[in-house]
Amino acid sequence: MEKEGMSFIQAVEKIASDHNIPIEHIDTEKTDEERDTAKHKESLLAALEQVYRFYVDELRLDASDEARAAREYAYSRWPEEFCSTSGLGYAPKDGHKLEDYCKTKCIGTDVLLELGLLKKDDNSRVYPMFRERIMIPIRNRWGRVIAFTARYIGGNSNAPKYINSANSIIYTKGETVFGIDRASRMKEADNVIIVEGAPDVLRLQSIGFDNTVASLGTAWSDSQFDQLKRITTSLCFIPDSDVAEDCLYGPGFEAVMRNGAEAIRKGFDVTVRQIPFAEIPLTEEELKEQYPDYEVLPDNAVTIKPGKNDADSYITCKEDYIELPEKHFIVWLAEKRFCESDSLVKDRKYVSEIANLLRHVKDQLLLDDCIEQLAKIHGRVKLWRDAVTQARNEAKKKKESLTSLDEKQKEIEDLRRSGLFVRDNCYYTIGDEDEDPVMVSNFTMEPLFHISDDNNGTRIFRLRNEYGESRLLEIKESEMCSLNAFQQKTGTLGNFIWLAKIDRLNHVKRFLYARTDTAERIRKLGWDVNNDFFAFGNGLLSDGVFIAVDDMGIVRANNGKAYYIPATSKMYRNNPEIYQFERLMVHNETSGISLKTYTDRLLSVFGDNARIALCYLIATLFRDVIFKRVRHFPILNLFGEKGTGKTTLATCLQSFFIHGIDPPNLGITSVPAMNDRVSQAVNTLVVFDEYKNDLDIRKIDYLKGLWGGGGQTKKNTNTDGMATQTIVSTGVALCGQDKPTYDMALYTRVLFLSFTKTSFNQSERTRYEELMSVCNMGLTHLSVELLKHRMLFEKNFSEAYAMSKRELAARLSDVTVHERIFGNWIIPLAVFRTLETVLDLPFSYSELFETAVSGVLNQNELAQESSEVGDFWNMLQGFQTTGKCIEGVHYNIRYLRRFRPLSTSEDIEFSEARPILYLNAAAVSPLFSGRGSNATSARSYWSTIMSYLKSHNSYLGLKQDRFSILLPNGEIDYSMETVNGQQVKRKKTNRPKALCFDYLMLKDAFGVDLETEILSDEDN
């Protein structure tokens, strides 16, 4: 279905038709007449298919001299194989052959007459429409033959060269596109090529351009353009290069001028490839007429004249097509128009014509390029920009003027049907014959927008009272349903009084709601994946063009939909307490610095760290694409002492979205506040400052969840009341003076960048101040520049990621790297590689790669040193050194040749006695009770460390052992027993299940040394 461009039903019908399988259509909406018409059309198509086979056989199989001559003609123009696949045939001179053939196929004369294959003369005698002609089938979109175009090859010089089938119920010349069947299957083609006629189409198809079509007349109709819209929005015209005696341009050029302009107005991107004129030598008579005074022609004499050239004769291979220069249609048309201009009046006329076409170009980059080229042909850039602005304004006024009068009259009539009318900006009821009108309100309401919302939408009205005062009002739908709430809301605006009851308000609502356009509220700024735009607090970036909101906060995107961003609406300008974040994230062009210059300054201040940080920043702009591919997104961790510039770098990156504010301090920010911050926008960057390892464990757990895109879980009060988790879709920069090693699960989820320099010379301070002055103006224009490459990023990121992953893995093949750390560092590399061809940056991929390798090794080494297991053994070593951890109480070391843990049936044997560490977990646990901010977090830590210890390769299993018991004061508990009549002091012991480890492996991995020896005073 996809290949043929068919719907499911169309595909079923096509397969059934090809295999002669009857289909019963059950469609209650079709009338008997409609079903009869459908059956009749199918019978005509079937008859035409038989006639088509007749023509094909006449060309390919007939052995007569006539057929042989037809084959020689056809094969001299197109390859034999192409003639076969295209279904070219031949209509013989003997017209009775077709009639005889059709009789054998039970095709009646009336059918052939209806199809236009037979005609009647004035005496009602029947004769064939096509004789001595190469028959070229005309097919519909699904490849079924619906008519023929035929080329005469006989000897009658008065016969028209080409004729087409007459119109029928299955074929209409003005609605048919020749070549549409093949072009519909070219899903990967960049455009559709439009040539003048069927022979030109066959020529280009024969050399591999199946995306070539033609109309069967000179003018393209709306129906034909609509068919092309299903395939592409890009067209390339190839006009016949012909000459005319009475005008500057021949009919081929004139046709493309008309059709190309119409295509532009219908939203197509249109280009032209112009064929050079043929060179025709002048005859002797023409030379004598041109040079009558010369017996011998001068050296500079013109001996050739331009002649007609077309695609069929000029383009014989792909290279011929490719070498034709391609120009945008508007530029090509301007060249033609201004070439014939000979007065200022014509200049103004052509500027207006071209500008009216330019206003239909939605792509800003394409528009700018066209204007620059037009300025080289005529006038200056400013002239063309002003002309486009004027054309747009005139078109808007014309549209408004045509509709305003009709709409006004309709409003009056609709309002009267509701029992109301307007006088002096007041609503009145229409009284009965003996009653005077009654005032309903001292104001009228102009509906502007309905702001859709799943729970409680709002509406925006412009209110005008009897004194001419005007106010904008945004009101909730619930307030429109309550008379008291409505009166209170309108009354707060000033002298706006509603006098009637709720029933009259409902009449007005019915009238107003029918005239209200709907806008969708932008709930989150940043990237909107459903509508393909990036939202700022003051507008949208749609198709590479920033569109600002109006005074109401409404903006209409290129998809035609209206959206509501209330942050900068004049309704709320005097209320600084709402929409605070949205008012910060606004787009402006105040800086104007280029991405390369900005990156140069960033590198000069922050060195190699700036490369990784910038690539991370770019990654946040396309975070949804990356997350879809790898299912995680790392945190950027900027670690260093106070004054090293780590937070400054983060705010420099943040200025791509917001600027002029300090990042939140994690020490005083709550988890819900953190969650709100990261859920305000999509594909942006959030900065958190002052990370410390002694933060509330809940904050650290929350930060860990960001890596996988999960936020806070809370009750959804707006819908079903069930628990829901916030979906995090931003990048996060985490700044602090502590390495995030309290929980290694967090440390392995970050890109770790370290800052060590704390003192700077005057030159370094100057560069820093220059960078900050630029960042303080905002850098959203650089975000806009980067976002224009989203389509490229979506297309190439997966491949770039796979390549960078292979390269990094090969480079680190002899190093054991933590899986998460490795995966995190691939992302900045893949981002750079994806956009390398379109970004002008002052560093190369190889330089970035070396920086990334160093970063991976550094972070991986710190991970090994600072792992949870390593921290545990280091702390236990400290407790042992200070006397808090005692051998025989908290642990035992036993040298064994054989060891069998519980729940196993086989011994672990050693070649020699090997030390086994028995760890009394119940006794050790209280030593680590201070690792959490409360009892709950302490238990969580201990549970986590137990799972880590058991997963370490030095762990052997559980086994009971004997340990002494401590009193609360830290002394060993004893009991007194009588042995042989004497009081003996004995240690109290228990036999818990101990965690057993290979002690030598612990010593190698963590430097653990828990063995003790008892010294006498003499030894000391």
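1. R894 is partly exposed, at 33% relative accessible area (buried means under 20%, exposed over 50%, partly exposed in between, with a 1.4 Å probe and protein chains only). The model is predicted: local features need pLDDT of at least 70, side-chain atom pairs count only at pLDDT 80 or more, and totals for chains, interfaces and linings use all residues. Residues are numbered from 1 along each chain as its sequence is written, and side-chain values use heavy atoms, without hydrogens and water.

2. R894 forms a salt bridge with D961, at 2.9 Å from N to O (a side-chain nitrogen of Lys or Arg within 4 Å of a carboxyl oxygen of Asp or Glu). R894 is in strand β35, while D961 sits in the loop between β37 and β38, 67 residues apart (strands, E, are DSSP runs of at least two residues and helices, H or I, of at least four, numbered from the N terminus). D961 is buried, at 8%.

3. The whole structure holds 46 salt bridges. One of them joins D312 and R77, with the closest N and O atoms 2.0 Å apart. D312 lies in helix α12 and R77 in helix α3, so the pair ties together parts 235 residues apart in sequence. Both D312 and R77 are buried.

4. The disulfide count is zero (a disulfide being a pair of cysteine sulfur atoms within 2.5 Å). For C106, the nearest cysteine sulfur is that of C102, 11 Å away. C106 is exposed, at 73% relative accessibility.

5. In helix α20, the buried residues are L505, V508, K509, F511 and L512.
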